[in-house]
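Okay, thanks for coming, everyone. Let me put the structure up, and then I'll walk you through a few helix and strand contacts.

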Protein chains: 2
Amino acid sequence: MNKNILIHPVMLMAAMAFGLPAFAQQALWDKAPAKSPEVNPDNSVTFRLVAPEARKVVVTGDFLPAVKVESPEGSFDAPGTAELTKSTDGTWEYTSSVLSPELYSYSFIVDGTRFTDPSNVYQLRDISTLSNIFIIDGDYADNYRVSDVPHGTVSKVWYHSDSLGADRRMTVYTPAGYEKGDRRYPVLYLLHGMGGDENSWSELGRATQILDNLIASGKAEPMIVVMTNGNASMQAAPGETPQGLMIPTAQLPKTMDGSFEAHFPEVVEYIDSNYRTLADKGHRAIAGLSMGGFHSMQISKEYPEMFDYVGLFSAASHKRANGGAPVYEDFDGKIARQFANPPALYWIAIGDRDFLYEENRDFRSYLDSHGYPYIYRESPDGHIWKNWRIYLSEFLPMLFTR
Amino acid sequence: MNKNILIHPVMLMAAMAFGLPAFAQQALWDKAPAKSPEVNPDNSVTFRLVAPEARKVVVTGDFLPAVKVESPEGSFDAPGTAELTKSTDGTWEYTSSVLSPELYSYSFIVDGTRFTDPSNVYQLRDISTLSNIFIIDGDYADNYRVSDVPHGTVSKVWYHSDSLGADRRMTVYTPAGYEKGDRRYPVLYLLHGMGGDENSWSELGRATQILDNLIASGKAEPMIVVMTNGNASMQAAPGETPQGLMIPTAQLPKTMDGSFEAHFPEVVEYIDSNYRTLADKGHRAIAGLSMGGFHSMQISKEYPEMFDYVGLFSAASHKRANGGAPVYEDFDGKIARQFANPPALYWIAIGDRDFLYEENRDFRSYLDSHGYPYIYRESPDGHIWKNWRIYLSEFLPMLFTR
């Protein structure tokens, strides 16, 4: 018999009385999990792992100072690491320095192999990797909490695209109170980056919590938010398609090839047909991160009468278009038409350590040289979700106010 | 820089988790540590873990023959274990026997500590434990796949309960086509067990897939399905409440104390007010597993004009009521009133190894002695999600047909 199964009488009685499923029962009778992570009163965080037989346990995550890594593809920031210390009872432990408010990610490296923390059920998937998360409250991060405010509805909705020949999944946020009454709402289309999917903004991006909190405090207008899947070869997030429980990948065949952008009016038409929207340019916004910023740039200039608010978060440049799709032809002429009647807001945000920093500077020079108006926001750090959550928190209050 | 110094696979993988640039490091994004689990053509499954420094790696899960565990309170089934074998490159591997169609759960035990498989992003949470999952297609398990059929919408919806004094979260499934037209639909209220929440049926229970597949094939009526949170002290699933990222527990203060059952008409009223329902007894069903079966029994007898279809899946007995709430008074009289005009379907299902088997037999004897009609389904196995997915697949086709 597996020696890890410790039959603790209280647990057993609870299970017997309350009907816990068998696999959970096994888990409950594992040696009691450590309290990990524990956010201490001073906002340091203690990580613990019960692993009496391990020889080395390391925690890695974005709460530690980044390490600069050089690779043939260029240099990038990797999260730092810190060693846990083993106590006599076999529990390893490390306490961080005092941390600033933020949603952080981490994982353990146990004798050289990376695992998630078995004591922490809160994880987020980024492409093919799961990491644990924790939140230090305060400042921006108070927007990432579930607060005691009215909550919007978050739906996974399937729509049909004729041009892509597929049913496709998206996430739709409707604000608290939507179900009551006949009020019509403006719409933000919020797009993810390469390797992401229709779940990314509501999970990694905490968009649901940010919207609930900003709307409740009156800082953002009540709005509908539509989070599409920007990979035209995919119907839905990994695991949500007929391909089954596939290994997620960022390298998809129809990415930034124009097909997603060209199909976008089908999304807008579906939303305007099925939700109580304010269906005009002045009440539509589009924004996205990285590839989704590229998509927002392309879509907003391709359909210049569709969106009055445009947000490019750490956007890839229009020069990264993959192939010569019609949507990518005559960029200069199309963006000239877009800015002949300029958007109410064209907002560009990027981190000063982002690998796309240079091409964003080039794009701004291009806009400047033509006198196209925009607002620029530069933050610290690189191409990371921390920035995109902050950008969303700053972008939402500017929407539908002009 | 010499890439051998810093470009360690673990470092890269850790970096990938935290929002590395989507393009510059594109080549890195595919580096899942191993292909695991791999479902082989003969339906055996190979598990792999890259752990060169580990000394012992074990896989445990419900795909292995259960192990009988004896304790002072009785015996129960625990999942079996199997040892992986280390190859010269440091990858550990184990191939199972040929498996029957099913959704299975597993995890690794590495040098005595339980971890999830770092190569498999598909995990489900059961109370405070995450386990990896995989699916062997065929038979019942074909209902658990995402198929190329029209998909319903799954929404996380908040409603207000006056009697519980809280906003509370639930999962609502509306069938494909709901958004179009004015059709009204029958409603199934589907309740989880102790320690579960409003996410349990749609995640562990694969209810979304089962509904999509059975409705698409014409085996079940198109219906709305409402999955509530049955823990009256909780507003929502762990992590979805103002309490933050708390450690989930099954031992909650207001469970099976009558308060959830007493508030249930507020749920029905919310659904009938906000969805296009057929708002009468003949078009309402209630079913649940374990504690949710107990709740279904209590609610359906408390409000005998509300539900014409009742499903008790591995239900806890009415004798387990926790305290003397009004809803628990006069059970005999109330169930007599319910069966004075018997439900169109009163369905009782349980596994022959379920720890609640005896009290289900006692309850059936009680019903028999009074001549109250019901249908009984006995399956193999115990108090496990495998059975509840099967019961749901069998229960749905019987609904709203009489």
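This is a predicted model: local features need pLDDT of at least 70, side-chain atom pairs count only at pLDDT 80 or more; totals for chains, interfaces and linings use all residues.

So, in chain B, helix α5 (residues 259-274) and helix α6 (residues 291-302) have axes that come within 9 Å and cross at roughly 60 degrees. Helices here are DSSP runs of H or I with at least four residues, strands are E runs of at least two, and both are numbered from the N terminus. The axes are lines fitted to C-alpha atoms, for helices over the stretch in contact, with angles from 0 to 180 degrees between N-to-C directions. α5(B) and α6(B) are therefore oblique to each other; that's the word for whatever is left once under 35 degrees counts as roughly parallel, over 145 as roughly antiparallel and 65 to 115 as roughly perpendicular.

Who makes the contact, meaning heavy atoms within 4.5 Å? From α5(B) you have Phe260(B), Glu261(B) and Phe264(B), and from α6(B) Phe294(B), His295(B), Gln298(B) and Ile299(B). Those residues split into 4 nonpolar, 2 polar and 1 charged.

Residues are numbered from 1 along each chain as its sequence is written, chains are lettered from A and ligands numbered from 1 in the order in which they are written, and side-chain values use heavy atoms, with hydrogens and water left out.

Over to chain A. Helices α7 (residues 331-340) and α8 (residues 357-370) pack at about 60 degrees, axes 12 Å apart. Phe331(A), Asp332(A), Ile335(A) and Phe339(A) of α7(A) meet Phe363(A), Tyr366(A) and Leu367(A) of α8(A). That contact divides into 6 nonpolar, no polar and 1 charged.

Now strands. Back in chain B, β11 (residues 123-126) pairs antiparallel with β12 (residues 129-136) over 4 bridges; pairing takes at least two DSSP bridges. Asp126(B) has Thr129(B) as its bridge partner. The hairpin has 2 residues between the strands, and Ile127(B) takes a positive phi near 60 degrees there. On β11(B), Gln123(B) and Arg125(B) point one way, Leu124(B) and Asp126(B) the other, and all are buried, that is, under 20% relative accessible area with a 1.4 Å probe, protein chains only (exposed is over 50%, partly exposed in between).

Methods: Contact means heavy atoms within 4.5 Å. Ala, Val, Leu, Ile, Met, Phe, Trp, Tyr, Cys and Pro count as nonpolar, Asp, Glu, Lys and Arg as charged, and the others, Gly among them, as polar.
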